[in-house]
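Try each exercise yourself before you look at the solution.

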Amino acid sequence: MTHAAVAWGLARAARPRSPAPALAAARERACVVVAMLPDLDVLAFTLGIPYAHPLGHRGASHSLLGAVVLGLGAWLLLRRLLRGVEGARPGGLDLALLVVAAASHGLLDMLTDGGEGVGLLVPFSDTRHFWPRQPIPVSPIGLVGFLAHGLPVLAWEVLLLWPAAAVGALLGGAGPWRTRAWGAAALALAAAGAWAWRLHLIAWDHGR
Ligand SMILES: [Zn+2]
């Protein structure tokens with residue numbers, strides 16, 4: 001859900017630059033979908049592909065090249081679906097947003113403190129990557145795991161990452177520009193505070 005929230009915020013923020021309603025709505029939906037698709041790779045487990053394999057969970061589907069393929073595929077599909085809709089021809093901005101939305105999935109997974117890391121450079125390197133700090137507790141796989149351990153995880157995700165959706169909504173919304181910009185800045189500042197607090201908690205935990 002957090003992947004969707006961040007991607008939606010990103011796409012929403014672009015509205016003032018490309019406001020055609022049909023295109024904007026389709027672009028936002030497509031960004032949400034491409035940001036969530038990489039986790040379909042959990043099917044690899046059922047096929048017997050190990051986690052650390054380049055085609056395993058958080059492998060090729062979470063890589064930067066995977067994001068380019070996914071974003072380009074979604075962009076071509078959008079162009080086809082919106083063909084004939086007045087003023088709604090997807091362009092370079094839409095392609096860039098789709099690729100960034102898809103790439104955001106792997107880059108955000110690198111912030112989580114579990115699993116075997118993200119194969120960001122598959123197929124050029126099989127190394128799994130994390131950011132130097134991982135403030136997000138890893139989300140349990142499956143519904144049973146989520147119900148048992150997922151709520152604190154979700155709470156941290158909401159605090160640290162969902163402000164991106166609210167900032168996007170403000171930047172891409174209606175109303176006086178100045179009010180929206182101040183609102184977005186205040187929200188970004190609050191989110192930065194939450195990040196500092198979380199990183200402080202982790203450093204304190206490691207120091208004990
Ligand atoms: Zn993932």
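This is a predicted model: local features need pLDDT of at least 70, side-chain atom pairs count only at pLDDT 80 or more; totals for chains, interfaces and linings use all residues.

**Exercise 1.** Work out how the rings of Phe45 and Tyr51 are arranged.

*Solution.* Start with the count: the structure holds two aromatic pairs. In the pair of Phe45 and Tyr51, the ring centres are 5.8 Å apart and the planes meet at 65 degrees. Planes over 60 degrees apart count as edge-to-face, so this pair is edge-to-face.

**Exercise 2.** Find which parts of the chain the pair of Trp156 and Trp197 ties together.

*Solution.* First, look at the geometry: Trp156 and Trp197 form a tilted pair, with 5.3 Å from centre to centre and 50 degrees between the planes. Next, place the residues: Trp156 belongs to helix H6 (residues 143–160) and Trp197 to helix H8 (residues 177–207), so the pair ties together parts 41 residues apart in sequence. Finally, look for a charge: the charged end of Arg198 sits over the ring of Trp156, 4.4 Å from its centre.

**Exercise 3.** Describe the surface patch that includes Leu121.

*Solution.* The patch is nonpolar and covers about 560 Å². Leu64, Leu65, Val68, Val69, Leu121 and Phe124 make it up. Leu121 is in the loop between helix H5 (92–109) and H6, and Leu121 is partly exposed, with a relative accessible area of 37%.

Methods. Residues are numbered from 1 along each chain as its sequence is written. Side-chain values use heavy atoms; hydrogens and water are left out. Rings of Phe, Tyr and Trp (its six-membered ring) pair if their centres lie within 6.5 Å; planes under 30 degrees apart count as stacked, over 60 as edge-to-face and the rest as tilted. Helices (H or I, at least four residues) and strands (E, at least two) are DSSP runs, numbered from the N terminus. A charge sits over a ring if NZ of Lys or CZ of Arg is within 6 Å of the ring centre and within 35 degrees of the ring normal. Patches are made of residues with over 30% relative accessible area and no salt bridge: like charges are joined within 9 Å, nonpolar side chains (Val, Leu, Ile, Met, Phe, Trp, Tyr) within 5 Å. Accessible areas come from the Shrake-Rupley method with a 1.4 Å probe; for residues, only the protein chains shown count as cover. A salt bridge is a side-chain nitrogen of Lys or Arg within 4 Å of a carboxyl oxygen of Asp or Glu. Buried means under 20% relative accessible area, exposed over 50%, partly exposed in between (1.4 Å probe, protein chains only).
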